[in-house]
Amino acid sequence: MSIMFSTVIKILDWIGKYKRKMIWGFVWSFFISIFSSVPVILAAYTVNYILLDLKGITSLPDNFAWIIAFCICLSVLLKFLFLQLRAGAHESIGYEVTADERIAIGKVLKRVPLGYFEQHKTGDITATITSQLALLEILGTKTVDMIISGYITTAVIVLWLTIINTKVAFLSIAGIILSWIFLKMINSKSKQVSPKIHQAQEDMTRSVIEYLHGMSEVKSYGNEGAALDTIRNAFKLSMDFSISNEKKYAPLSALHVLSLKLATCGIISLVALFTIKGDISIAYSLMMLMFMFTIFSSIEKIDGSAHMLGIIESNIRNLRGLKDARFIDEDSSNLEISQYNITFDKVSFAYDTIDVIKNISFEVQQNSITAIVGPSGGGKSTICHLIARFYDVRSGNITVGGHNVKDFTCDSLLKNISMVFQKVYL
């Protein structure tokens, strides 16, 4: 179970400044559980009082029914109040965190070298900041809420049972511990398969992007059917993998639920035995039996959350990988220049292992027009990219206004440059 809660802690760390709201939501969950239990306890108290009245041991006050009705209504109102407080604390967190994440990732991707997009495929980046981030937005905090609030509710009911009969409480705890074992196995398996799930998502995203990028060529040559084969294969592989995983999870999920159902049956049998022996009053036995309808209901559904935790943790890890990318200008400064000469001094550059520019030197004077002429693939666009510092040179130096371009931040350099690209994106 420690594996599950370690992932929960990582999700809480991920939400950062919203963690306080999340924790307050758990506090409200505790009070929700308390006031959800009050009507059951009052019902048992009422039955016990009526039985004592029938036996002549005590007599019901005239306003007894009104007092009980008032207490039940008050508990319902308080439960509603804390439900509203929890919703206010929890419901918006996923959307707020992911909005911040999108802005942060956008700022990072503006400042990485273009070589970053050659080392990391566009489809993989797109999958991370779309489908994976969307999953975190919808399920990240809700999964944590379901797990923590579920165990809070169960803990409150177990506490009430402990006050009445410790043996019944211990049996319920045994059922919870047994279900933990299967939840831990589900979570462990989820962590194992999450990289494959991400790979399937990235393959789908990449195949769609490639198809859209090549749409004009596909239509020109009438190859729509052949081009769609890659997408169909990616979708089919993802579907087959998801079905295979669900078949692996199903037995563990069934065992998780079975352990709780067996514990419920055991508690009912134990309560019946103690009631027959006279160790528990009929009123208290009725209360415990009513609790049996809800004691495990909040954690029965956690198997789906345990399934998702591994995927959520992997998504957070991928996002952090994007946010931790090295900025091309992280060691640079905001510089102002008074003149605009551009100088290349023995500059060499290569894309991976492919040399494009070798030991080039020249100077472009300000207030002049310079044309760079050469064959396709000769390095004309690369020279412009190096001046704007989309890439860094392998060797040599480029200066603008007497300053090495590596000394500029991207913003302070690019505010002096205007570019019109071959493929204009508006």
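This report walks through salt bridges and cysteines in a predicted model.

Since the model is predicted, local features need pLDDT of at least 70 and side-chain atom pairs count only at pLDDT 80 or more, while totals for chains, interfaces and linings use all residues. Numbering starts from 1 along each chain as its sequence is written, and side-chain values use heavy atoms, with hydrogens and water left out.

**Charged pairs**

Side chains of opposite charge can pair when their charged atoms come close. The rule here is simple: a salt bridge is a side-chain nitrogen of Lys or Arg within 4 Å of a carboxyl oxygen of Asp or Glu. Under that rule you get nine salt bridges. Among them are these:

| Pair | N to O distance |
|---|---|
| Asp-13 and Lys-19 | 3.1 Å |
| Lys-21 and Glu-96 | 3.3 Å |
| Lys-323 and Glu-101 | 3.3 Å |

How apart in sequence are the parts that Lys-21 and Glu-96 tie together? Lys-21 sits in helix 2 (residues 19-54) and Glu-96 in helix 4 (residues 93-110), so this pair links parts that are 75 residues apart in sequence. Helix 4 also holds Glu-101, whose partner Lys-323 is in helix 12 (residues 302-323), so that pair ties together parts 222 residues apart in sequence. The helices (H or I, at least four residues) are DSSP runs, numbered from the N terminus.

Now for exposure, which goes by relative accessible area: buried is under 20%, exposed is over 50%, and partly exposed is in between (1.4 Å probe, protein chains only). Lys-21 comes out partly exposed at 28%, and so does Glu-96 at 26%. In the remaining pair of the table, Lys-323 is partly exposed at 32%, whereas Glu-101 is buried at 6%.

**Cysteines**

How many disulfides does a search of the whole structure find? It finds zero, a disulfide being a pair of cysteine sulfur atoms within 2.5 Å.

Cys-71 itself is partly exposed, with a relative accessible area of 28%. With a relative accessible area of 11%, Cys-410 is buried.

Definitions and conventions
Helices (H or I, at least four residues) and strands (E, at least two) are DSSP runs, numbered from the N terminus.
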